[in-house]
Amino acid sequence: MVPGVRLVVLGKQGAGKGTQAVRLSHHYVVPHVSTGDMLRAAVKAQTPLGRRAKALMDRGELLPDELIMEMVGERMAERDVQTRGLVLDGVPRTVNQAKMLDELLSPARLDLVIDLEVPTSQVLRRLAARRVCVDCGTNYSVFAPPLVNWTCDICGGEVVQREDDTEAAISRRLELYERQTAPLLDWYREAGILVPINGTGSPDVVTQRIIRAVDHRKRRQEGS
Ligand code: ADP
(Lines give C-alpha, C1' and ligand atoms only; values in the text may rest on other atoms or scores of the structure.)
Protein backbone atom coordinates (compact mmCIF):
# COMPACT_ATOMS: atom_id res chain seq x y z
CA MET A 1 0.00 0.00 0.00
CA VAL A 2 1.21 3.54 -0.77
CA PRO A 3 1.62 5.43 2.56
CA GLY A 4 -0.22 8.67 3.36
CA VAL A 5 -3.79 9.91 3.39
CA ARG A 6 -5.68 10.93 0.27
CA LEU A 7 -9.07 12.53 0.79
CA VAL A 8 -11.56 14.51 -1.26
CA VAL A 9 -14.07 16.84 0.39
CA LEU A 10 -17.23 17.26 -1.69
CA GLY A 11 -20.35 19.27 -1.01
CA LYS A 12 -22.48 22.10 -2.31
CA GLN A 13 -21.17 25.65 -2.28
CA GLY A 14 -21.38 26.84 1.32
CA ALA A 15 -21.40 23.32 2.79
CA GLY A 16 -18.13 24.04 4.56
CA LYS A 17 -15.73 22.21 2.21
CA GLY A 18 -12.93 24.77 2.58
CA THR A 19 -13.13 25.03 6.36
CA GLN A 20 -13.24 21.28 6.86
CA ALA A 21 -10.51 20.58 4.29
CA VAL A 22 -8.11 22.95 6.11
CA ARG A 23 -8.89 21.28 9.45
CA LEU A 24 -8.41 17.78 8.00
CA SER A 25 -5.11 18.77 6.42
CA HIS A 26 -3.88 19.94 9.85
CA HIS A 27 -5.18 16.84 11.61
CA TYR A 28 -3.62 14.35 9.19
CA VAL A 29 -0.58 16.59 8.48
CA VAL A 30 -1.04 16.52 4.71
CA PRO A 31 -1.17 19.37 2.18
CA HIS A 32 -4.50 21.07 1.45
CA VAL A 33 -4.99 21.43 -2.29
CA SER A 34 -7.84 23.82 -3.12
CA THR A 35 -8.49 24.68 -6.76
CA GLY A 36 -10.54 27.73 -5.74
CA ASP A 37 -7.63 29.08 -3.63
CA MET A 38 -5.11 28.34 -6.41
CA LEU A 39 -7.27 30.12 -8.97
CA ARG A 40 -7.91 33.11 -6.70
CA ALA A 41 -4.12 33.39 -6.17
CA ALA A 42 -3.61 33.31 -9.97
CA VAL A 43 -6.26 36.03 -10.42
CA LYS A 44 -4.59 38.19 -7.79
CA ALA A 45 -1.14 37.72 -9.36
CA GLN A 46 -2.67 38.46 -12.80
CA THR A 47 -1.02 35.44 -14.41
CA PRO A 48 -2.28 34.34 -17.86
CA LEU A 49 -4.29 31.58 -16.13
CA GLY A 50 -5.69 34.10 -13.65
CA ARG A 51 -6.78 36.48 -16.41
CA ARG A 52 -8.54 33.67 -18.22
CA ALA A 53 -10.14 32.34 -15.03
CA LYS A 54 -11.50 35.59 -13.61
CA ALA A 55 -14.42 36.19 -15.98
CA LEU A 56 -15.59 32.57 -15.72
CA MET A 57 -15.26 32.53 -11.92
CA ASP A 58 -17.14 35.81 -11.47
CA ARG A 59 -20.06 34.34 -13.43
CA GLY A 60 -19.98 31.08 -11.47
CA GLU A 61 -19.01 29.03 -14.55
CA LEU A 62 -16.60 26.08 -14.40
CA LEU A 63 -13.16 26.20 -16.00
CA PRO A 64 -12.25 23.52 -18.59
CA ASP A 65 -11.35 20.14 -17.07
CA GLU A 66 -7.95 19.98 -18.82
CA LEU A 67 -6.88 23.36 -17.48
CA ILE A 68 -7.89 22.50 -13.92
CA MET A 69 -6.28 19.06 -13.96
CA GLU A 70 -3.04 20.40 -15.41
CA MET A 71 -2.85 22.86 -12.51
CA VAL A 72 -3.72 20.15 -9.97
CA GLY A 73 -1.27 17.71 -11.60
CA GLU A 74 1.59 20.18 -11.20
CA ARG A 75 0.81 20.57 -7.51
CA MET A 76 0.45 16.81 -7.03
CA ALA A 77 3.86 16.17 -8.57
CA GLU A 78 5.51 17.98 -5.63
CA ARG A 79 7.29 15.95 -3.02
CA ASP A 80 5.00 16.68 -0.05
CA VAL A 81 1.94 15.33 -1.89
CA GLN A 82 3.88 12.38 -3.28
CA THR A 83 5.10 11.29 0.16
CA ARG A 84 2.26 12.31 2.48
CA GLY A 85 -0.89 12.52 0.36
CA LEU A 86 -3.39 15.40 0.29
CA VAL A 87 -6.82 16.76 1.05
CA LEU A 88 -8.50 17.90 -2.17
CA ASP A 89 -11.04 20.73 -1.97
CA GLY A 90 -13.04 21.94 -5.00
CA VAL A 91 -11.81 19.16 -7.24
CA PRO A 92 -12.92 16.88 -8.81
CA ARG A 93 -16.09 18.63 -9.85
CA THR A 94 -17.02 16.50 -12.87
CA VAL A 95 -16.83 12.76 -13.56
CA ASN A 96 -14.23 13.54 -16.22
CA GLN A 97 -12.05 15.30 -13.62
CA ALA A 98 -12.46 12.28 -11.31
CA LYS A 99 -11.14 9.97 -14.04
CA MET A 100 -8.19 12.27 -14.68
CA LEU A 101 -7.52 12.43 -10.93
CA ASP A 102 -7.32 8.63 -10.71
CA GLU A 103 -4.59 8.70 -13.35
CA LEU A 104 -2.67 11.43 -11.54
CA LEU A 105 -2.85 9.50 -8.25
CA SER A 106 -1.83 6.13 -9.66
CA PRO A 107 -0.40 3.87 -8.24
CA ALA A 108 -1.89 5.42 -5.08
CA ARG A 109 -5.66 5.69 -4.70
CA LEU A 110 -8.12 7.87 -2.87
CA ASP A 111 -8.85 6.59 0.64
CA LEU A 112 -12.17 8.34 1.00
CA VAL A 113 -14.48 10.94 -0.48
CA ILE A 114 -16.37 12.92 2.12
CA ASP A 115 -19.71 14.35 1.08
CA LEU A 116 -20.80 17.17 3.37
CA GLU A 117 -24.57 17.20 3.41
CA VAL A 118 -26.25 20.53 4.16
CA PRO A 119 -29.77 21.57 3.04
CA THR A 120 -29.87 24.20 0.28
CA SER A 121 -31.82 26.67 2.45
CA GLN A 122 -28.93 26.58 4.92
CA VAL A 123 -26.11 26.90 2.34
CA LEU A 124 -27.83 29.98 0.91
CA ARG A 125 -27.81 31.59 4.36
CA ARG A 126 -24.16 30.63 4.88
CA LEU A 127 -23.06 31.97 1.48
CA ALA A 128 -24.74 35.34 2.08
CA ALA A 129 -22.82 35.63 5.37
CA ARG A 130 -19.49 34.27 4.06
CA ARG A 131 -16.35 36.44 4.13
CA VAL A 132 -12.87 35.34 3.10
CA CYS A 133 -9.25 36.47 3.55
CA VAL A 134 -7.91 37.76 0.21
CA ASP A 135 -4.40 36.56 1.07
CA CYS A 136 -4.65 33.10 2.66
CA GLY A 137 -8.25 32.13 1.86
CA THR A 138 -9.35 31.54 5.46
CA ASN A 139 -13.14 31.60 5.70
CA TYR A 140 -15.09 33.77 8.14
CA SER A 141 -18.70 34.85 8.38
CA VAL A 142 -20.52 37.95 9.55
CA PHE A 143 -21.53 35.83 12.57
CA ALA A 144 -17.94 34.70 13.28
CA PRO A 145 -15.73 37.57 12.06
CA PRO A 146 -11.98 37.90 12.63
CA LEU A 147 -11.00 39.29 16.04
CA VAL A 148 -9.84 42.71 14.78
CA ASN A 149 -11.51 44.93 12.21
CA TRP A 150 -11.87 42.50 9.24
CA THR A 151 -8.18 41.61 9.15
CA CYS A 152 -7.38 37.91 9.02
CA ASP A 153 -6.51 36.29 12.39
CA ILE A 154 -4.02 34.01 10.61
CA CYS A 155 -2.11 36.29 8.23
CA GLY A 156 -3.39 39.86 8.70
CA GLY A 157 -4.85 39.99 5.16
CA GLU A 158 -8.03 41.87 4.33
CA VAL A 159 -11.25 39.89 4.89
CA VAL A 160 -13.91 40.60 2.25
CA GLN A 161 -16.94 39.13 0.47
CA ARG A 162 -15.92 36.93 -2.49
CA GLU A 163 -16.61 38.46 -5.91
CA ASP A 164 -18.49 35.32 -6.95
CA ASP A 165 -20.73 35.36 -3.86
CA THR A 166 -23.32 37.45 -5.74
CA GLU A 167 -26.88 36.14 -6.03
CA ALA A 168 -26.53 35.39 -9.77
CA ALA A 169 -23.16 33.60 -9.50
CA ILE A 170 -24.29 31.58 -6.45
CA SER A 171 -27.39 30.32 -8.24
CA ARG A 172 -25.32 29.39 -11.31
CA ARG A 173 -22.76 27.54 -9.14
CA LEU A 174 -25.52 25.60 -7.38
CA GLU A 175 -27.11 24.74 -10.74
CA LEU A 176 -23.77 23.46 -12.07
CA TYR A 177 -23.24 21.52 -8.83
CA GLU A 178 -26.51 19.62 -9.39
CA ARG A 179 -25.77 19.02 -13.06
CA GLN A 180 -22.03 18.29 -13.09
CA THR A 181 -20.89 17.50 -9.56
CA ALA A 182 -23.81 15.56 -8.04
CA PRO A 183 -23.26 12.63 -10.52
CA LEU A 184 -19.84 12.22 -8.93
CA LEU A 185 -21.54 11.02 -5.75
CA ASP A 186 -22.85 7.94 -7.58
CA TRP A 187 -19.46 7.41 -9.17
CA TYR A 188 -17.69 7.34 -5.78
CA ARG A 189 -20.53 5.43 -4.09
CA GLU A 190 -20.10 2.69 -6.64
CA ALA A 191 -16.34 2.72 -5.99
CA GLY A 192 -17.19 2.09 -2.31
CA ILE A 193 -15.31 5.13 -0.98
CA LEU A 194 -18.09 7.71 -0.48
CA VAL A 195 -18.83 8.72 3.11
CA PRO A 196 -21.85 11.01 3.62
CA ILE A 197 -21.37 13.30 6.60
CA ASN A 198 -23.98 15.52 8.21
CA GLY A 199 -22.52 18.99 7.58
CA THR A 200 -24.92 20.90 9.85
CA GLY A 201 -23.88 22.15 13.27
CA SER A 202 -20.70 23.86 14.43
CA PRO A 203 -17.47 23.42 12.44
CA ASP A 204 -15.92 21.55 15.43
CA VAL A 205 -18.77 19.06 15.59
CA VAL A 206 -18.59 18.44 11.82
CA THR A 207 -14.79 17.95 11.97
CA GLN A 208 -15.19 15.35 14.72
CA ARG A 209 -17.81 13.49 12.64
CA ILE A 210 -15.45 13.38 9.65
CA ILE A 211 -12.37 12.29 11.63
CA ARG A 212 -14.34 9.50 13.30
CA ALA A 213 -15.56 8.26 9.91
CA VAL A 214 -12.12 8.50 8.25
CA ASP A 215 -10.31 6.72 11.12
CA HIS A 216 -12.96 4.00 11.21
CA ARG A 217 -12.63 3.44 7.47
CA LYS A 218 -8.82 3.48 7.54
CA ARG A 219 -8.73 0.92 10.35
CA ARG A 220 -11.02 -1.33 8.31
CA GLN A 221 -8.87 -0.86 5.19
CA GLU A 222 -5.68 -1.61 7.12
CA GLY A 223 -7.25 -4.70 8.68
CA SER A 224 -8.36 -6.09 5.33
P1 ADP B 1 -17.34 27.14 -4.55
O2 ADP B 1 -17.26 25.69 -4.14
O3 ADP B 1 -17.87 28.03 -3.46
O4 ADP B 1 -18.08 27.34 -5.85
P5 ADP B 1 -14.43 27.29 -5.19
O6 ADP B 1 -13.60 28.23 -4.38
O7 ADP B 1 -14.18 25.84 -5.05
O8 ADP B 1 -15.92 27.73 -4.83
O9 ADP B 1 -14.31 27.66 -6.75
C10 ADP B 1 -14.50 28.98 -7.22
C11 ADP B 1 -14.59 28.96 -8.74
O12 ADP B 1 -13.35 28.48 -9.29
C13 ADP B 1 -15.66 28.06 -9.33
O14 ADP B 1 -16.93 28.68 -9.39
C15 ADP B 1 -15.08 27.79 -10.74
O16 ADP B 1 -15.24 28.91 -11.58
C17 ADP B 1 -13.58 27.66 -10.45
N18 ADP B 1 -13.20 26.27 -10.13
C19 ADP B 1 -12.67 25.82 -8.95
N20 ADP B 1 -12.44 24.50 -8.99
C21 ADP B 1 -12.83 24.09 -10.21
C22 ADP B 1 -12.86 22.81 -10.86
N23 ADP B 1 -12.45 21.70 -10.22
N24 ADP B 1 -13.34 22.74 -12.13
C25 ADP B 1 -13.75 23.84 -12.77
N26 ADP B 1 -13.76 25.07 -12.23
C27 ADP B 1 -13.32 25.21 -10.95
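Are Asp-164 and Arg-173 buried or exposed? Asp-164 is buried, and Arg-173 is buried as well. The legends below describe close-up views of a predicted model.

**View 1. The ligand and the shell of residues around it.** The shell around the ligand holds 19 residues, and those that come nearest are Thr-35, Glu-61, Arg-93, Gln-97 and Arg-173. By type, the shell divides into eight charged, six nonpolar and five polar residues. Helix α2, residues 35-44, supplies the largest share of this shell, with four residues.

**View 2. Polar atoms facing the ligand.** In the side chain of Arg-173, an N or O atom is 2.7 Å from an oxygen atom of the ligand. Arg-130 places a polar side-chain atom 3.2 Å from an oxygen atom of the ligand. Leu-63 takes part through its backbone, where an N or O atom lies 3.0 Å from a nitrogen atom of the ligand. On its own the ligand has 540 Å² of accessible area, and the protein covers 97% of this.

View 3. Side chains of opposite charge can pair when their charged atoms come close. Arg-130 forms a salt bridge with Asp-165, with 3.0 Å between the closest N and O atoms. The two residues belong to distant parts of the chain, since Arg-130 is in strand β5 and Asp-165 is in the loop between β7 and α8, 35 residues apart. Arg-130 has a relative accessibility of 14% and counts as buried. Asp-165, at 7% relative accessibility, also counts as buried. A salt bridge also joins the side chains of Asp-164 and Arg-173, with an N to O distance of 4.0 Å. Through shared partners, salt bridges join Arg-130, Arg-162, Asp-164, Asp-165 and Arg-173 into one network.

**View 4. The salt bridge between Lys-54 and Glu-163.** The count of salt bridges in the model comes to 16. In one of them, the side chains of Lys-54 and Glu-163 meet at 2.7 Å, N to O. Lys-54 has a relative accessible area of 31% and is partly exposed. Glu-163 counts as exposed, at 54% relative accessibility.

**View 5. The open sheet of strands β6, β5 and β7.** Three strands form an open sheet in the order β6-β5-β7, and their pairing is antiparallel. Strands β6 (139-141) and β7 (159-160) stand at the edges with a single partner strand each, so one side of each has no neighbour in the sheet. Strand β5, residues 130-133, pairs with β6 over three bridges in the antiparallel sense. Within this pairing, Arg-131 is opposite Tyr-140 of β6.

View 6. Strand β3 covers residues 85-89, and because five of its five residues are buried, the strand is largely enclosed by the rest of the structure. In a regular strand the side chains alternate between the two faces of the sheet. In β3, Gly-85, Val-87 and Asp-89 point one way, while Leu-86 and Leu-88 point the other way, and all of them are buried. Strand β1, residues 5-11, pairs with β3 in the parallel sense over five bridges. Here Val-5 is found opposite Gly-85 of β3. Strand β2, residues 32-34, also runs parallel to β3 and is joined to it by three bridges. Opposite Asp-89 of β3 stands Ser-34.

**View 7. Arg-75 and its contact with Asp-80.** Arg-75 is part of helix α4, residues 65-76. With a relative accessible area of 18%, Arg-75 is buried, because residues under 20% are classed in this way. The side chain of Arg-75 makes a polar contact of 2.8 Å with the side chain of Asp-80.

Methods
Residues numbered from 1 in each chain as written. Predicted model: local features only at pLDDT ≥ 70, side-chain atom pairs only at ≥ 80, totals over all residues. Heavy atoms only, no water. Near = heavy atom within 4 Å. Polar contact = N/O pair within 3.5 Å; in protein donor to acceptor, adjacent residues only side chain to side chain. Areas by Shrake-Rupley, 256 points an atom, 1.4 Å probe, with all protein chains shown as cover. Nonpolar A, V, L, I, M, F, W, Y, C, P; charged D, E, K, R; others polar. Pairing = 2+ DSSP bridges. Buried < 20%, exposed > 50% of the residue type's maximum accessible area, 1.4 Å probe, protein only.
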